[in-house]
Each structure stands twice: as structure tokens, then as C-alpha cells.
Amino acid sequence: MGDDVQTLPYGSWPSPIDAALAAAHDGHPEWVGFVGDEAWWTEPRPTEGGRRTLVRRRADGSEEPVLPAPWNVRSRVIEYGGQPWAGTMDAGGRPLVVFVNFADQRLYRFEADGDPRPLTPVSPVGGGLRWADPVLRLDLGEVWCVLEEFTGDGPTDVRRVLAAVPLDGSAAQDRDAVRELTDARHRFVTEPRISPDGRHVAWLGWDHPRMPWDGTELVLASVADDGALREPRTVAGGPEESIAQVDWARDGALLYASDRTGWWNLYRDGEPVCPREEEFGGPLWKLGMRWFAPLESGLIAVVHGRGATALGVLDPETGEVVDAAGPWTEFASTLAVHGERVVAVGASPRSAHEVVELDTRTGRARVIGAGHDDSVDPAYYPEPQIRTFTGPDGREIHAHVYPPHHPGCVAPGDELPPYVVWAHGGPTSRAPLVLDLSIAYFTSRGIGVAEVNYGGSTGHGREYRNRLREQWGVVDVEDCAAVALALADEGTADRDRLAIRGGSAGGWTAAASLTATDVYACGTIVYPILDLAGWGEGETHDFESQYLETLVGPLAEVPARYAERSPTEHADRITAPFLLLQGLDDVICPPAQCERFLARMEGRRVPHAYIAFEGEGHGFRRAETMIRALEAELSLYAQVFVLNPPGIPTLELSK
């Protein structure tokens with residue numbers, strides 16, 4: 001750009017990517033499906049209180065939101081939710097949809113010519129009645145789904161079964177009108193997958209203390225003429241075998257993704273169809289996640305990869321996979337098929353998540369919904385580097401490095417940039433390589449970002465994710481520090497201007513890093529876990545209530561380990577300034593964790609700020625929340641790193 005390039009210090013570059021723009025583009029389409037020939041999906045609305053709406057794509061290519069505010073299509077089953085809707089065409093050729101409304105968690109029936117009508121009752125007990133993964137059975141006049149029912153006021157006073165809800169609304173005020181299909185033999189269950197002939201049903205189940213990526217069972221039952229399930233039996237899986245998804249081929253073969261070899265691969269009636277050292281499944285954080293979908297032709301649409309994911313079509317006869325051509329380098333774990341059409345959600349480092357359709361007959365892939373629109377000049381987007389670093393004991397650490405980037409600015413030649421290490425949540429998850437305007441918010445101002453897929457992350461096989469077993473607060477902390485120091489040692493980052501940030505499990509890693517290392521000059525801690533003993537003794541929800549048994553170790557056997565690793569127990573070790581952000585409605589990482597931590601910090605004279613947001617739970621969804629959070633984070637770095645970002649409100653730090 002010649003003479004137009006300015007020389008300005010890192011952190012002071014003017015950027016068109018403000019916090020409001022980043023917030024408006026937060027979230028992505030999810031839960032794709034077909035209603036007749038039409039593709040439907042859910043989309044976030046950050047500026048409408050963070051609700052999610054249902055969107056349809058009509059035959060003429062137009063998109064139309066189906067449900068106006070305040071309807072919020074989102075399930076709270078296992079708190080992270082699951083598939084919240086299902087649809088079909090009725091006898092008159094009109095859409096018939098059932099969906100879960102977030103506010104009351106009731107299941108509703110919706111037809112285009114009327115208002116939604118409730119199908120399920122409200123329970124006054126504990127967290128009430130919740131529903132997920134609906135499957136329409138018009139032949140029986142029912143919708144089959146997962147029922148989560150609280151039996152008391154405690155977060156673990158809960159049971160889960162498969163249930164059938166009448167479509168005529170007769171259960172709207174009558175819990176007894178809901179027909180339970182299974183007993184509570186498993187603590188957790190996934191949606192019923194019905195065989196093409198309607199004679200069998202398959203689902204997944206697992207129990208504490210396992211998480212679904214540790215071990216699940218594939219259960220198969222026959223369906224009687226009256227719709228009752230008979231003779232349920234386990235046909236695959238176990239305590240050390242994770243089956244991530246189950247479905248049926250069009251010819252009645254049972255398909256599932258199992259990690260019995262150390263990688264989630266596909267199996268057909270128990271036989272591998274494409275044995276590879278890559279993943280055809282993933283961690284089941286939400287019920288109804290899909291990595292494969294069988295086509296009428298016998299081929300299988302798959303989301304697969306190692307460290308990143310592609311959309312492909314698998315021939316189970318040959319094991320060959322042909323990937324869809326296009327700019328997308330990452331696909332989410334949601335798929336739907338109709339005939340030979342496949343609908344998925346794809347993204348790349350240059351484009352946010354959008355709804356993609358693949359025609360398997362022609363091989364053509366195209367965007368059909370939520371299309372990415374460059375809200376600013378793409379020249380301001382970050383330019384990531386895929387890196388592998390060496391950590392303690394020579395272990396590999398995978399990361400995405402986003403150097404500072406601005407088309408019109410450079411820094412003085414003798415200055416090294418500040419960097420923020422991002423620790424993802426989960427921790428059994430990973431950071432996808434996609435366009436994120438929250439990252440661009442920093443890189444376009446001259447602050448580098450390094451996303452670390454530390455040991456324990458998914459996408460690299462079971463051995464890699466098992467590195468975190470009983471090592472949470474050790475391996476994740478070490479790996480993040482190793483990446484930060486490597487960037488400094490190679491001259492990429494300023495050793496004196498390193499920060500760490502993360503949310504949820506990443507918030508834990510950020511806080512633990514500030515107590516266990518002196519690598520970082522400051523940190524941003526977002527809706528974190530801070531007190532392991534409290535979290536493991538009933539402060540969190542049922543789904544993760546025994547997660548620490550594998551991440552840290554059995555509490556009854558190693559209580560000292562829980563105390564030794566908890567930031568709350570070692571607040572006296574923190575000397576670096578920090579920002580703590582928390583949703584007051586968070587039932588997964590409750591505010592009590594932050595409050596105890598801050599009480600321990602009292603009188604220590606460490607600069608810090610605590611911002612609690614009313615109406616926010618685990619994961620911020622409201623635009624105004626995200627704006628304040630991003631601006632506060634940038635202000636923290638500006639004060640600690642001595643930066644001068646224009647137009648950013650100053651965060652008041654207390655001591």
C-alpha cells in the first residue's frame with residue numbers, strides 16, 4: 001500500500017472491527033434439517049436477547065425466520081442442550097414442526113397457519129421437564145425424544161429416558177399422558193434412531209463417572225406394533241469405548257462411529273468401513289450432534305478429519321471418501337440429508353459459518369443459508385498459521401497462531417508484539433480454525449493471538465485427549481506456557497507482554513496458569529471453574545458432576561490434589577492483574593466460584609476487575625454483554641502492556 005502504510009506501536013492500530021461488530025457476528029447456524037424439500041436450521045440473534053430462531057429456506061432460495069421474538073429454539077437437556085426441533089410435511093403438504101422453547105423448556109407444535117401450541121406440561125419440581133432430539137412418528141401420532149425430568153431441587157436429582165409425546169396436545173397439562181419408552185437403566189441417553197422398516201430402535205447410553213467420550217453403550221431394541229420397545233440389549237461400546245453416534249443405512253444395516261482403535265471410525269454392522277487415523281466422530285457435548293448421515297444411494301455423508309474437518313461422501317463398499325470442493329476448511333457436527341442432497345455448516349479462516357448444500361450427484365457444493373457477508377474489508381482479517389510446538393517430555397502441542405495484521409499499519413522495527421494465549425473450553429474439545437471476529441478485534445489492533453489445542457483436545461485421537469486424564473491443571477497449563485514461551489524465544493512475541501485468556505474450562509486453565517507460572521503479565525478469566533472441590537461436590541450440573549473423576553482423579557482418594565490445583569486455594573500466588581467475567585445465571589460454573597476466589601484475593605492489592613452479567617448463563621449470548629466483555633479485555637491489556645487503542649473505555653481495576 002506504499003505511502004499509505006503508517007508506523008504505529010502494536011496495540012494502537014485503528015481498526016474497523018469494533019466490539020459491536022464482533023458481537024453481532026457471534027454464534028453460528030446450527031441444527032440443520034429438512035422439512036420436505038426445504039432446508040431449515042437455527043440461527044443466533046445476539047441483538048435480540050441472544051435468542052435462537054428457526055430459519056427456513058424456501059424453494060425460491062429466500063430465507064425466512066419462522067418464529068418471531070420472544071420464541072427461543074433451544075433445549076437445556078444436560079444444560080448444553082441438543083437438537084431442539086424436528087419437522088416434516090403434513091398430509092396437506094404444509095410444514096409441521098415441533099420445537100423446544102428455551103424459556104419454559106416445553107415442547108411445542110407449530111404449523112405455518114397458526115401459533116405454537118404446547119405439547120408438554122410444566123413441572124414445578126427442580127429444573128422441571130426438558131426435551132431434546134425429537135423424532136416425529138406421524139404413524140403413531142407421537143413425537144419420540146429424550147426426556148430429562150428433575151425429581152428434586154438438587155442439580156443431580158434427575159432422570160433421563162426416551163419418551164413418546166402425543167402430537168394432539170393431550171399431554172400439555174398431563175404428565176401421565178407422556179409414554180415412557182425406556183426405563184432409567186442409563187443415567188444419560190441420546191435420541192432414538194429408528195430403522196427404515198420401523199421395527200428396531202437404537203440409541204446411546206452411559207453412566208457416571210464416565211463422560212460420553214470415555215465410554216458409551218449402543219443399545220438396540222425391537223419395536224412392537226403398539227410402539228412399545230422390547231428387549232433392549234447392548235450391542236457395542238463399553239467403559240473404554242466411546243460410540244459418538246448411531247444411525248441406520250437405507251438397507252437396514254446399523255452404522256455407528258466408535259473409537260475402539262483410538263480413532264472415531266465408522267462401522268457397519270460391527271465391521272469397519274473406513275479405518276483411518278482420523279476422526280469420523282467427536283465429543284458429544286450436545287445430544288443430536290451428527291458426523292455422518294446415510295444417503296438413499298447407500299453412500300454416507302461424513303464430517304471427518306484430523307485436527308480439522310472436511311465434508312465428504314464415503315463409499316462403504318470401497319472405503320473411499322471424496323471431499324466436497326470449496327473454500328471451507330472446517331465443518332460443524334451437524335448434518336442432514338434428503339435424497340442425494342446433503343446440508344451441513346462450513347467455515348474457513350476467511351469466512352464465518354454458513355449453511356452449505358452438497359449435491360452428491362453432481363459433486364457441486366454451494367452456500368444456501370446464513371451466507372458469510374464481509375462486514376469489513378477482508379484485508380483486516382487475521383492470517384493464521386497452523387503450528388506444532390514441542391512441549392515437556394517432547395510431546396507435540398497443536399496450535400493456531402494469529403500474528404498482528406493490519407493492511408495499513410506496521411510497528412516500529414525494534415518492537416515485538418504482545419500476544420494473548422487462548423485456552424479453549426471443554427477441556428475435551430478444540431479450537432476450530434475459522435474466522436472469528438473476536439480474534440480479529442485484537443489482531444487488527446496489533447495484538448497477536450495463539451489458540452492452543454493443548455493435550456486433552458479432540459481431533460487427534462484418543463491417546464492425545466487422554467493426556468489430560470488426572471492431569472488437568474498440569475498438562476493444559478504446561479502446554480499453553482510452552483507455546484507462549486516458544487513464541488517469545490523465536491522472536492515472534494514480546495516475552496514481557498504475554499497474556500492468557502479462556503472461558504469455562506479455558507477459564508480454569510487461565511486462572512491455574514496465573515497461580516502456577518510466571519509466564520503471563522495478566523489474564524482474562526471467563527465463567528471459570530476455580531474451586532475443584534466445590535465444583536465436584538455439587539456446585540455444577542449433573543452432566544459434568546463427575547467429570548473431575550477422570551480429569552483430576554477420584555475425589556475420595558486424592559482430595560489433596562483437588563486443593564493443590566485449585567486457584568481459589570492459591571490466590572496468594574497470583575501477582576498478575578486479571579479480569580474476571582461471569583454470568584449470574586450460570587448453573588455450570590456458578591458465580592459462587594468467582595465470589596470465593598475474590599474473597600481470597602481481598603487485601604492482596606493485585607489489580608483486577610470483576611464484571612457479572614445479569615441474564616447471562618454459561619456462554620455469553622447477548623450483544624451488549626459481548627461488547628462490554630471485549631472492550632474490558634482490551635482495556636486490561638492496554639493498561640498492563642502500555643498500549644494506546646483508540647476509542648476504548650478504560651476498565652477500572654481495583655486493588
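Predicted model: local features only at pLDDT ≥ 70, side-chain atom pairs only at ≥ 80, totals over all residues.

Trainee: OK, how does the lining of the second largest pocket split by class?
Mentor: Its lining has 20 nonpolar, 10 polar and 8 charged residues.

Trainee: And what volume does the second largest pocket have?
Mentor: About 1,100 Å³.

Trainee: Which residues lie nearest its centre?
Mentor: Of the 38 lining residues, those are Phe 34, Gly 87, Val 135, Arg 193 and Arg 290.

Trainee: Which elements give two or more residues to that lining?
Mentor: Strands 2 (30-35), 6 (85-89), 10 (129-137), 15 (193-194), 19 (243-248), 23 (292-294) and 27 (330-338).

Trainee: New topic: rings. How many aromatic pairs does the structure hold?
Mentor: The structure holds 24. One of them is Phe 188 with Trp 206, a stacked pair at 5.2 Å centre to centre, with 15° between the planes.

Trainee: Why does that pair tie together parts that are apart in sequence?
Mentor: Phe 188 lies in strand 14 and Trp 206 in strand 16, so the pair joins parts 18 residues apart in sequence.

Trainee: Is Phe 188 buried or exposed?
Mentor: Phe 188 is buried, because its relative accessible area is 0% and the cut-off for buried is under 20%. Trp 206 also counts as buried, at 1%.

Trainee: What about Phe 442 and Tyr 637?
Mentor: They form a tilted pair, 5.9 Å centre to centre and 55° between the planes. Phe 442 is in helix 2 and Tyr 637 in helix 10, so this pair ties together parts 195 residues apart in sequence. Phe 442 is buried at 1%, and Tyr 637 is buried at 0%.

Trainee: Which residues do ring pairs link into a cluster?
Mentor: Tyr 80, Phe 188, Trp 206, Trp 213, Trp 285, Phe 543 and Tyr 547.

Trainee: Where does Arg 260 lie?
Mentor: Over the face of Tyr 267, 4.4 Å from the ring centre. Arg 445 lies over the face of Tyr 441, at 4.3 Å.

Trainee: Last one: in what sense do strands 31 and 32 pair?
Mentor: Antiparallel, over 6 bridges. Gln 385 has Val 401 in strand 32 as its bridge partner. The two strands form a hairpin with 5 residues between them, and Asp 393 in the turn has a positive phi of about 60°.

Key:
Residues numbered from 1 in each chain as written. Heavy atoms only, no water. Pairing = 2+ DSSP bridges. Helix = DSSP H or I, 4+ residues; strand = E, 2+ residues; numbered from the N terminus. 1 Å grid on protein atoms, 1.4 Å probe; cavity = no way out; pocket = protein on both sides within 12 Å on 5 of 7 lines; lining within 4 Å. Points joined across faces, edges and corners; volume = space filled by probe spheres on them. Nonpolar A, V, L, I, M, F, W, Y, C, P; charged D, E, K, R; others polar. Phe/Tyr/Trp six-rings, centres within 6.5 Å; stacked < 30°, edge-to-face > 60°. Buried < 20%, exposed > 50% of the residue type's maximum accessible area, 1.4 Å probe, protein only. Lys NZ or Arg CZ within 6 Å of the ring centre and 35° of its normal.
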